[in-house]
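Visitor: I would like to learn how to read the features of a model like this one. Please show it to me first.

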Amino acid sequence: MFRSTPLLLALTGLLLGACTPKEPNLQTSNALTDGVLLPAYSTWTEADRQLAASALSFCAGNEDLQQARQIFLTAQARWAALQPLLLGPLAEGNLTWQVQFWPDKKNLVARQVESLLQQKPELTQADLDQASVVVKGLSAYEYLLFDKSLDLADAAQRQRYCPLLIAIGKHQQTLSAEILQQWQGEAGMAAQLKKFPNSRYAEAKEAVAEILRAEVSALDGLKKKLGTPLGRQSKGVPQPLQAESWRSQSTLSNLAASLATAERLWLGGKQDGIRSLLDADQAELAQRLDQAFGDSRGQLAALQRPLDELLADKAGRDQLNALYDSLDRLHRLHERELAKALGIQLGFNAHDGD
Amino acid sequence: MPRTSLAAASLLAVAISLAGCDDKKESASSQAVAPAATAPAATAQADEAAAKAVVRHYADLALAVFGDALSSAKALQQAVDALLAKPDADTLQAARAAWIAARVPYMQSEVFRFGNPVVDEWEGQLNAWPLDEGLIDYVATDYQHALGNPGASANIVANSEIQVGEEKVDVASITGETLASLNELAGSEANVATGYHAIEFLLWGQDLNGTAPGAGQRPASDYVVGEGCSGGHCERRRAYLKAATDLLVSDLEQMVGQWQPQVADNYRASLERKPAANGLRKMLFGMGSLSLGELAGERMKVPLEANSTEDEQDCFSDNTHNAHFYNGKGIRNVYLGEYRKLDGSLLSGPSLSSLVARADAQADASLKADLDASEARLQALVDSAAKGQHFDQLIAADNAAGQQLVREAIAALVKQTGSIEQAAARLGIGDLSPDSADHSF
């Protein structure tokens, strides 16, 4: 697997560098890595650094609950923005649940937070590292700051819950920094998306395929995140408390952040995204994808009320169902037509259970 | 990703590609079609015949497995009748033993679920899980349920009318039909009123030990009529247990009927009418989906990673190790064309394994080796339980060695799924996409 010596890699790099103009897949994988993937991972890591600092500051009484919540919401939005980019270290290490545990059908977050603090009132970082993924991430942090049964503006409650809040912040900071480090450097994930062949990909097209798979998988995930509270899998009966991030009412803003990243993969930072791989004779498909993105984005932006309110009346549910259908069209276009047009097999783990 | 050598594709593969089961075929199989033009038609027919024999035997396996599930459910029914006739520790113990015995064939039947809609659309009434048991009967005060489930504490045993959100539901008479109508009440999939797990809860009660040793401890006196009745409402609890058990038996009878040979309008007839490739795809898809998304993912990875006994398959009885082992056995059965019946005899016949071996002996050998490895890893969970450490203890946050056992079983199942995909490709079935249930490994 790791036979390639650094020298060989360097030579390969030189050779590839020499043959301009670049092959389109190579151009795209380079552009997306530098223009979309790396910046998103950096921003996420920075948001988690601020989250860890905020937990300390809030618990020391130097920040109020409102500020702490705001910083949490930023970290959560950065994580949502990362969803279409879950390839490489984060996906392979089975680490995503450490960042956010969802779906949480049985309210494990509340149950495990309370039982952990009962067992370890003087919780340490090491205690958290050994604990369940359920209490390590944003879902537990959200529970602490937003659940109606808690009030961390109250000093006595802060004393009880702050060790956990601080430990989660620190855990997220450490985890995200480690992931970013695995993206950077000569043998990092980013380099492997830019220079070929390497131990991961034989050629640029494989890297583009992997990026597309991650995006399509995330688009499918968006349907699930909207469909679950909407009751698409539960006889049409809305399940607002099964929504992702329901406590902080960020389900829809999370969707918007993820969708925006998917569209960035499509367009690229400088019109150098996946779209640029389609030939002139595939322009019609490109336009339909442009429209599909625009439709989903527009519908999402037009939702003026929070999710639980929309779920409560028919007009709201109609709007959400229309958004679901729009996301479904977008997903199908990618899965069926775009993948085919690019000659990419989505195959295994494409999460398409239909 | 290992690549499929075109040369390795056998004439059989070509035949299957030509037969074509749906429009899902991708470039790999359309490439394989090209040389078919020169293939002797007789050979192609012979291979289609061989593949059809494999599908027919698959239906025989299903018939035998569901038949055993039915006979062991009838034995459970008798044991439940005996418990109700004379509720004491011995009859309760016997009913629990009968439930555990009934799980052996049923768990081997689950490989038929994925890919066969007739099974998939039917199985929820029998094996839905995890459930909010407070829908059924009394629960401890620290009981946790699905968020927003209005039926989570309805307690059908204690109430002849239950309040679910705004709605009142009449449950005065407890029949199989009434209970079945309460499944997924108010849209919540945690509302499970029927099936193996409802019966399991009625026989064992809640397991209040978390990740510590011990299963549910329901006393037999919960079924005593009149004086001595514990838990309250014993008459209704008795009626519930009886109705749920009878429903299980009649549901299984119905499924056995779907797999009987020479019945013009049952599921088996429609399966056998279609091109063999359609059946082979279902077999492989079922194996892969149970192996990956369901067993490795929903049933092992979720409870392991979340240290969640709530997500344990047979959580009231602590029988999860067996549930997992026999799920694995079912996957193996379908590939090898074998099933060890409850009467001890071995049913065997034309197998997927032999078809794959003819196309690529190496692919067959790899998958067999993987099946052996996963069985050994699942056996390790059974052995651990025999030594007193059950699945719910293995997944405890502070049990590193226990977690490792579960992790190894998951890894073996994931690896095996890769080989299932390879085997499928050798038979010309590309893009198998086993259901991953949204898990990545």
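Predicted model: local features only at pLDDT ≥ 70, side-chain atom pairs only at ≥ 80, totals over all residues.

Guide: Residues are numbered from 1 along each chain as its sequence is written, chains are lettered from A and ligands numbered from 1 in the order in which they are written, and side-chain values use heavy atoms, with hydrogens and water left out.

Visitor: Which residues lie nearest the centre of the second largest pocket?

Guide: On a 1 Å grid over the protein atoms alone, a pocket is an open set of points with protein on both sides within 12 Å along at least five of seven lines, a cavity is a set where a 1.4 Å probe fits but cannot get out, and lining residues have an atom within 4 Å of a point. Points are joined across faces, edges and corners, and a volume is the space filled by probe spheres set on them. Here 40 residues line the pocket, and A:Ser115, B:Gly210, B:Thr211, B:Asn307 and B:Thr309 lie nearest its centre. The largest share of this lining, six residues, comes from α6(A).

Visitor: How do the residues of that lining divide?

Guide: Ala, Val, Leu, Ile, Met, Phe, Trp, Tyr, Cys and Pro count as nonpolar, Asp, Glu, Lys and Arg as charged, and the others, Gly among them, as polar. The lining of the second largest pocket has 13 nonpolar, 15 polar and 12 charged residues.

Visitor: How many cavities does a search of the whole structure find?

Guide: There are four cavities of 30 Å³ or more. The largest cavity has about 160 Å³ of space and a lining of 18 residues, divided into eight nonpolar, six polar and four charged.

Visitor: Is B:Asp370 buried or exposed?

Guide: Buried means under 20% relative accessible area, exposed over 50%, and partly exposed in between (1.4 Å probe, protein chains only). B:Asp370 has a relative accessible area of 6%, so this residue is buried. Of the 441 residues in chain B, 57% are buried.

Visitor: What does the side chain of B:Asp370 make a polar contact with?

Guide: A polar contact is a pair of N or O atoms within 3.5 Å; within protein, one must be able to donate a hydrogen and the other to accept it, and residues adjacent in sequence count only if both atoms are side-chain atoms. For B:Asp370 the partner is the side chain of B:Lys415, at 2.8 Å.

Terms used: Helix = DSSP H or I, 4+ residues; strand = E, 2+ residues; numbered from the N terminus.
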